[in-house]
Each structure stands twice: as structure tokens, then as C-alpha cells.
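Q: Could you walk me through how to read a few features of a model like this one? I would like the general idea, then the case at hand.

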Amino acid sequence: MPLKLYNTLTRKKEVFKPSKKDKIGIYGCGPTVYWYQHIGNMRRYIFEDILIRTLLFNQYKIKHIINITDVGHLTSDADEGEDKMVKAIKREGLPLTKDSMLKIAKKYEKVFKEDLEKLNILKPDAWPHATEYVKEMIELIKIMEKKGFAYETKSAVYFDVSKFKDYGKLARLKLEGLKAGARVKIDEEKRNPQDFVLWFKRIGKHANHLMQWDSPWGKGFPGWHIECSAMSIKYLGEQFDIHTGGIDHISVHHTNEIAQTESATEKSPWVKFWVHSNHLTLKEGKMSKSGENILILSDLEKKGFTPMEFRYLCFGTHYRKKLVFDMKKMEASQQTYQRLKNIISEIKDDKEINKKYLKEFERVMDDDLNTPQALQVLWKLIRDDKAKGKLQTIKKMDRIFGLKLLEKKKIKIPKEVQKLVDEREKVRKDRDWKKADDLRDKIRKLGFIVEDTGKGIKIGEINNEKTMSQ
Ligand code: AMP
Ligand code: ZN
């Protein structure tokens, strides 16, 4: 079965046909590094990782780019409010300097990348930073201005949405339906209410912005959307195959990215497939950095959950569906994942591949990355007593799952547990079975279990008990 992906542009599941055989270009909108990326953001990158791994599984060669936004993203996606980076400097009580801005960006980019690694997310081919490509952004704005798509005002350079006939095609917006003030505040300088900023001038509320570059329109800094157009052209050329992001990007950010790029290059479509992932929310609503309700990966780790258990949880919901997160689900995911690993650790390798199950797995993954069904196939294989080739097939499936299913778990045994285990060994040699049982209970109370196997003692954690004693 060929790979099918849901394309936001056509609102259909379509067979994925790359434009070039040799390399597929994929661009994912990355984080604004002014704060921790929460587990909602992580769900979005886990989705992207599944997409990448499925393409690789299908033998495609890819060039994958994720950008880092370190300038220009204001608190509202629609050019309003303070720069998010400035907001972060104030939050952290640092002096309002360019150095502080770079320090903040570095700090949160580091944590972001560490979290991706913990989640076993494959690294992209490049991580371009917005601040490194301002020259390219200026060049692109100059082209738009020359072609009549951009206009200069007292405080900024704007994109004129009325000049781009396809404006809003991704989000299916109708310009005439968007009244002034409905989505964007009325601004006297703008020709149309939906016009967006390409370049902010060093004037008015942005007079003291910390990052300033020279440009044909005087000193200033770029708008948020232009970075993705400039950097994707730089790395992937003027047209490429897949662009990803969260669903919140459809109506503003990606709509504006398309307007900029297609008007500048006069090539359409800029991107063939737009693939968007739905949000992770809490019962109380969306998890957003502007709100107080964020949970980050290390919060989960502090509560005793591993990144792989969170990754497993994400797979239980299709990427296009909302995932309502709660701790009960996290606990269930922990138990199931650990049970799965324990069962797998007991499977003998017969060096065969089970073609029937592998085919079924490929079929559901190629059907718009259906991870919930893929997990069902995995469990069906595990429970099938007659199935051959279990281990090698699971190994293949895990090239997409990336759940480290065959990795042996290193159990850290606390000193006091080891002491009790040694003591129990001694009393067992003396055939004091009563004392040995008492010690086993003590060990159990500390969360561990000892098993006397033919080859010696086996120590497991308590949530592994079920599988160990089987
Ligand atoms: P940001 O740093 O806010 O630009 O977000 C980084 C990425 O995470 C973007 O692609 C967003 O679409 C995505 N995102 C933001 N909030 C959520 C959420 N609650 N659940 C899933 N993805 C999100
Ligand atoms: Zn973007």
C-alpha cells in the first residue's frame, strides 16, 4: 500500500508522491526559544518524528529542517504585543540587553534539544536560527516590494494580502468575510486588516527593540513569518514536498508563509503536502505557554515517568485527534509500556520475520500514520502464541515506533535492597525459609521483587512482577 497522508491544503488523505526521487524536503516550524517547550509541543515533535521514520521506513531519502525562532515572534501571532524574547528577559530578571536575549535563547534551545533526545526523536539535518538568516529575509522582502506585494509605512513593511489572489487558501479563509477588527486590530497604517508585518522599523513601541539590523527601510527586525519562507528556500529550494506544524499555525503563520513565498517566487504550490498535528490539552483546556498550566517533560520525570512512557502515550491517539492528557492516562501508559518491554525481553529470537504482521503494521502506518492501530497490531503479534518471528518483527516495527522496545532495562538497585537480597541469600543457604520469606516481604515493600531462577537470583521492580513470575 502506498503511503497516504492527510493534506490540509486539499482536506483529503492523498497518496504521497514526492516531486523529486532523490530527496524529499521537509520543513517543520520549530520552537520560539523564550520558555520551556511543554509536553503539548513535544507531542507535535513526536508526530513529526513518526512521519520522518515512516518516510525512512519507506526507503525515501529526506532532507529535514526544523527552525529555531529567536527573534520577531510577538506575543500574538498577529503582530501584536511584546516580543516573546523580551518578555522572557523581564520574567527572568535579566538586564534588557542583547546578551540577555542570546542567553535566554541558548538556555531554552538546549533544554528543548535535550528533551527531544530523551524522547528518541531523530535529529533534523539542520536547525537554522532566525537571527542567522536576516540577510536572506531582507532579500525576500525586497523582491515582494518590487513585485508590488509589499508596502512601506511609517512603522513597518507590510504584506498586502489583497494583491495575492490565493491568500487564505490553506485555511480556506475568505478575505471579504474577514471584517476589520475580527481577527486583527484595526491599524490605520494598513491597507487591509489582514496585512501582516514583514519588517518592523525601529520606531514607536519597537524603538528600543534589542535586536536591530540595517535594512533598506532603516534599522529594524523581521516579522515572525518571513523567517520560515527565507530559511526553507535556503535549505530546500523554492518548492518542496512537506511542511509540518501544529494546527494553530494554519490560519495565520502558515497562511502568511504561503503568501510570502508564492508571491516572491511566483511558483505554486510552494509546498505539496501540509501536515498538521492536533493539540495536547488538559481537561481545563489547551496547554499553552502564555497560560500557567504547562507541564514539561522533566515534570513527568520528577513524578517517576520515563520519556518513553510519554512517547507511548502519544501513540494511543491519532495525530489528527486532540489528546486530552491526565495523570491517570500517564500511569496507565507507564504500566502498559513496562509490561510490553518485559514480555519482549522474554521472547526468544528465532531470526525470522513474521511477514503477515509486518505487512499489517506497514498498512496501518502508511494509512496516514495510524499509530493507535499500529500498537494494536504489535499487541496482537505479542499475544499470538503460534506466531513465528516475533522478535525480529518487533525490532522492525520499532524503527518507526522508536520506543526502545528491545533495549534492556537497566534496573538501579538501591543499596538497602541489595543488602537485604544478600542477607536473604545467606539465610537461604542455611535453609531458614521463614527468614528468607520475611526478607522477601521487606524487599517487596521497598518496591522490588526477588526471584530464584535456576540460573541464580533475579531482581525486578514491582511493576514488572507480573511478567517476571510468569
Ligand atoms: P511555539 O514554540 O509556541 O511556536 O510552539 C512550537 C510548536 O508546538 C508549534 O508547531 C505549535 O503548533 C505546537 N504547539 C503549541 N501548543 C501545542 C499544544 N498544546 N499541543 C500540541 N502542539 C502544540
Ligand atoms: Zn514557520
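Q: In which sense do strand S7 and S8 pair, and over how many bridges?
A: Strands are DSSP runs of E of at least two residues, helices runs of H or I of at least four, both numbered from the N terminus; two strands pair if DSSP finds at least two bridges between them. In this predicted model, strand S7 (residues 196-201) and S8 are antiparallel, with 3 bridges. Trp199 has Pro222 in S8 as its bridge partner.

Q: What is the order of the strands in the open sheet?
A: The 4 strands run S5-S6-S7-S8, with antiparallel pairing. Strand S5 (150-152) and strand S8 (220-222) are the edges, each pairing on one side only.

Q: Which donors does the zinc ion (ligand 2) have?
A: Donors are N, O and S atoms within 2.8 Å of the metal (3.2 Å for Na, K and Ca); water is not among the atoms, so sites may look incomplete. Here Cys29 (SG), Cys228 (SG), His253 (NE2) and Glu257 (OE) lie 2.1 to 2.2 Å from the zinc ion. Cys29 sits in the loop between strand S3 (24-28) and helix H1 (39-57), while Cys228 is in helix H5 (residues 226-236), 199 residues apart.

Q: What conventions apply?
A: Residues are numbered from 1 along each chain as its sequence is written, and chains are lettered from A and ligands numbered from 1 in the order written. Local features need pLDDT of at least 70 and side-chain atom pairs 80 or more, while totals for chains, interfaces and linings use all residues; side-chain values use heavy atoms, leaving out hydrogens and water.
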